Amino acid sequence: MPVARREPQEPRVIAHVDMDCFYVQVEQRRNPALRGQPTAVVQYNDWKGGGLIAVSYEARGFGVKRSMRGDEAKRVCPGINLVQVPVARGKADLNLYRSAGSEVVAILASKGKCERASIDEVYLDLTDAAKEMLLQAPPDSPEQILMEAAKSNILGLPSDPNEKEKNVRAWLCRSDADYEDKLLACGAIIVAQLRIRVLEETQFTCSAGISHNKMLAKLVSGMHKPAQQTVVPSSSVQDFLASLPVKKMKQLGGKLGSSLQDDLGVETIGDLLSFTEEKLQEQYGVNTGTWLWKIARGISGEEVEDRLLPKSHGCGKTFPGPKALKNSASVKGWLDQLCEELSERIQSDLNQNKRIAQTLTLHARASKENERDSMKKFPSKSCPLRYGTGKIQEDAMKLFESGLHDFLESQNTGWSITSLSVTASKIFDIPSGTSSILRYIKGPSSSASPAIPNSSSVPEDPSLDNNVYVTPIHEEQCELSTSEKEDGKRYSAISAKQCSANEEKRISKKLPEVKGQSALHEKRKSDGLICSHPVGSSLEANRAEEHNVSAQGADRSSTNGGDEHSGSNAWMFNVEDIDPAVVEELPPEIQREIQGWIRPPKQPSTKRRGSTISSYFPPARS
Ligand code: DCP
């Protein structure tokens, strides 16, 4: 559920940059003969010509849509070029697109805090850059405005196309504008400059939205595509939202949006204005109610995170129709391949970026024989991530078996799997300048505390890996399965709410000195917790949360140029709390360093906490 965040007092300048028909552009750069031609990238799956995943604007002009398959696209546009996505291990290999996205991110990050939101989307906080421009070189002469900036679409300006450029130039230079609009004008010029650089250095075009917050910037970035930017001055927010259908907002695309339509008769975001905050809270709870009340007014305090790398890694594969997997051997075969790729990616993330992933999650879509319409979903399952392809493969298969056991509810029936994916999440940085994890751990004589960039427990946008159906980690996961309860270990069938509450209590207790905890708790609640662990065994999950706690404060200190190890953000961690079983899950070089440091290892705590990897799985079934 969305959570309302306080809007900062000071006006901000936020941009959302989205690449145009991204995979097509990457393919056009590889093969310039495709430029300007109707082109689409098709998925690795030859059924009916393959599913379209990216469509060039030329092809869109002929009526080709992403929902089509290759054969249909050819009927609609006989001249279309269909390029198959690169393939490795029998599935799409997106590395080419990922690294193309990274090229763009490297350019965009030069002007302010940059958050990579998906394979081709970025948020930028340009407040400081805009303030500096306003101070040093404010736009004051319409004729000197950069052409790309003069082509901006500014919501609320008269729409006469003949006068558009003149009006935009005048708006960007208005001397009587208020401070907020002046900052926004500078933001528009900076974004235009950045988009030109992206085009010159990568050959890719992109579109952008510029506003005072993330929500509005995202809503308008796709409004004028391709290769254009749209600005939302505060004065036009109400008119814009008045006609914006609720389902256009990402968070309202599902049940919440449907409930607004069906239960409250709300069709546009502006319609929400007729409800008091209390009424919305009564209907949807305090947080969501306040969030709805705020978005109706264009208020959103969500910050741009300082994150250039993905929040998680996911590898998935769909098995439509006759390709569905119907036995454990075929599931194992595919899981092994997915895990091999995942293992390579987290290993390279560790080598290149010094980042460690902590949680392995398995998602699947399944149906039971003779019960095709059943609403029961295959439950997502998580466990601590152990580095090494073999271990990941082994654990993923156990997660699958555990999920299947729950899904079948002890029925002796056939089943089929139509999608499988594995995700590595809860990724944290090893602080720069060290290859050691030691700085995470405050030992008896150490006062070191790291600056750890923020990370989150939510799997990244599914578009980061097509074919991946990354289900958000819902609170239902707090419910333990029957088999887990029967394992003879200390398990408890706690409810989702209890689980969240317990988790919060544990963390508050452990981190009395960490600042800004309540904000983090809000974030964690909105993210959903992974709680499908035996009671007392989720040390590693707690630790991940603790890293996040620390990240919040440390992040700020590092962006402010503060001391990485400043005491105010110290993350206190007692050596007694280090669970050897958790250390065993870490990459070997880090294990060696920790093992040398922890003397003597606390063996008894391993058993007591039930935190060995095996305790995350149900007992083997005969
Ligand atoms: N993608 C995918 N599967 C999907 C949706 C998207 O593999 N179901 C990939 C291909 C896209 C890329 O992600 O090129 C970015 O997706 P977008 O939704 O941003 O769409 P495009 O960039 O292709 O087009 P647009 O210009 O409309 O943003």
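Biologist: Below what relative accessible area does a residue count as buried in this predicted model?
Modeller: The model is predicted. Buried residues and exposed residues are split by relative accessible area, with partly exposed ones in between. The cut-off for buried is under 20%.

Biologist: Is aspartate 336 buried or exposed?
Modeller: Buried means under 20% relative accessible area. Aspartate 336 has 19% relative accessibility. It therefore counts as buried.

Biologist: Which residue forms a salt bridge with aspartate 336?
Modeller: The closest N and O atoms of the pair are 2.7 Å apart.

Biologist: What separates aspartate 336 and lysine 332 along their helix?
Modeller: Both residues are in helix α14, residues 328-353. They are 4 residues apart, so the separation is about one helical turn.

Biologist: How many salt bridges does a search of the whole structure find?
Modeller: Side chains of opposite charge can pair when their charged atoms come close. The search covers the whole structure. The count is 29.

Biologist: How many residues apart in sequence are the parts that lysine 225 and aspartate 20 tie together?
Modeller: The two side chains meet in a salt bridge, 3.0 Å from N to O. Lysine 225 lies in the loop between α9 (214-221) and β11 (229-231), and aspartate 20 in the loop between β1 (14-19) and α1 (22-30). The pair therefore ties together parts whose separation in sequence is 205 residues.

Biologist: Which strand holds lysine 381, the salt-bridge partner of aspartate 406?
Modeller: The side chains of aspartate 406 and lysine 381 meet at 2.7 Å, N to O. The pair links distant parts of the chain, 25 residues apart, with aspartate 406 in helix α15 (residues 389-408). Both aspartate 406 and lysine 381 are buried. Lysine 381 is in strand β14.

Biologist: How far apart in space are aspartate 306 and leucine 124, C-alpha to C-alpha?
Modeller: Aspartate 306 lies in the loop between α13 (286-295) and β12 (313-318). It is partly exposed, at 27% relative accessibility. In sequence, aspartate 306 and leucine 124 are 182 residues apart. Their C-alpha distance is 9.1 Å.

Methods. Residues are numbered from 1 along each chain as its sequence is written. This is a predicted model: local features need pLDDT of at least 70, side-chain atom pairs count only at pLDDT 80 or more; totals for chains, interfaces and linings use all residues. Side-chain values use heavy atoms; hydrogens and water are left out. A salt bridge is a side-chain nitrogen of Lys or Arg within 4 Å of a carboxyl oxygen of Asp or Glu. Helices (H or I, at least four residues) and strands (E, at least two) are DSSP runs, numbered from the N terminus. Buried means under 20% relative accessible area, exposed over 50%, partly exposed in between (1.4 Å probe, protein chains only).
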